[in-house]
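Good morning, and thank you for coming. I would like to take you through one structure, which I am now putting on the screen.

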Amino acid sequence: MQVTIRRAEPTDYEAIAEILTFPKAIWGTLQVPFPSVEQWRKRLAEPQEGLYVLVACVDGEVVGQIGLNTFPARPRRHHVGSIGMVVRDDWQGKGIGTQLMQAVVDLADKWLNLLRLELEVYPDNEPAIKLYKKFGFTVEGTQISSAFRDGQYVDTLLMARLRLPQN
């Protein structure tokens with residue numbers, strides 16, 4: 001299986017919106033079901049400053065997406081990036097998330113000089129937590145009832161990875 005990681009293009013909007021129609025993909029993210037295809041088109045065609053969106057493709061088909069939000073307009077947060085990721089249900093557990101995380105960590109460390117990467121994850125999303133820990137993320141805290149999922153309030157974990165400056 002040949003996986004290609006690349007920058008998302010405006011033409012990827014339908015494929016990304018489709019990923020968010022899969023039940024496991026929606027369950028594991030802070031997104032709501034029934035994503036707006038137009039919203040994704042606009043997000044990719046007119047990205048906000050500091051947003052980097054990468055996709056994983058297999059045989060030219062988008063099977064995963066990761067976003068890295070940076071904060072260029074917030075001087076006290078220039079060193080931080082916030083990550084959100086989703087992998088299509090039928091591609092979960094096949095290394096797609098690992099390749100997306102590796103690409104975004106490399107981008108943050110080697111090109112954007114970010115010191116801190118952070119994300120939120122549901123405590124019951126054990127495969128994601130395991131993946132994030134593999135990349136050096138640690139749990140910094142729990143947000144109680146911070147998300148509404150499938151008819152109930154649920155907690156989220158705050159995880160972060162610090163890259164200490166080299167002397």
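**Pockets and sheet**

Let me begin with the second largest pocket: helix H2 (23-27) and strand S6 each supply at least two residues of its lining. Helices (H or I, at least four residues) and strands (E, at least two) are DSSP runs, numbered from the N terminus.

Before going further, please note that this is a predicted model, in which local features need pLDDT of at least 70 and side-chain atom pairs count only at pLDDT 80 or more, while totals for chains, interfaces and linings use all residues. Residues are numbered from 1 along each chain as its sequence is written, and side-chain values use heavy atoms, with hydrogens and water left out.

A pocket here is an open set of points on a 1 Å grid over the protein atoms alone, where a 1.4 Å probe fits, with protein on both sides within 12 Å along at least five of seven lines; lining residues have an atom within 4 Å of a point. Grid points are joined across faces, edges and corners, and a volume is the space filled by probe spheres set on the points.

The second largest pocket has a volume of about 200 Å³. Strand S6 gives the largest share of its lining, 3 residues. Among the lining residues are Trp27, Tyr122, Phe148 and Asp150. By class, 8 are nonpolar, 2 polar and 2 charged; Ala, Val, Leu, Ile, Met, Phe, Trp, Tyr, Cys and Pro count as nonpolar, Asp, Glu, Lys and Arg as charged, and the others, Gly among them, as polar.

The largest pocket holds about 1,200 Å³ of space. Its lining has 47 residues, of which Gly28, Met85, Asn125, Ala128 and Tyr132 are the closest to its centre. That lining divides into 20 nonpolar, 16 polar and 11 charged residues.

I turn now to the sheet. In what order do its strands lie? The sheet is open, with 7 strands in the order S1-S2-S3-S4-S5-S7-S6 and mixed pairing; two strands pair if DSSP finds at least two bridges between them. Strands S1 (3-7) and S6 stand at the edges with a single partner strand each, so one side of each has no neighbour in the sheet. On average, neighbouring strands are turned by 25° against each other, direction ignored; the axes are lines fitted to C-alpha atoms, for helices over the stretch in contact, and angles run from 0 to 180 degrees between N-to-C directions.

Finally, the structure holds 11 salt bridges, each a side-chain nitrogen of Lys or Arg within 4 Å of a carboxyl oxygen of Asp or Glu. One of them joins Glu38 to Arg41, whose closest N and O atoms are 2.7 Å apart. These two residues are 3 apart in helix H3 (residues 37-45), and are therefore separated by about one helical turn.
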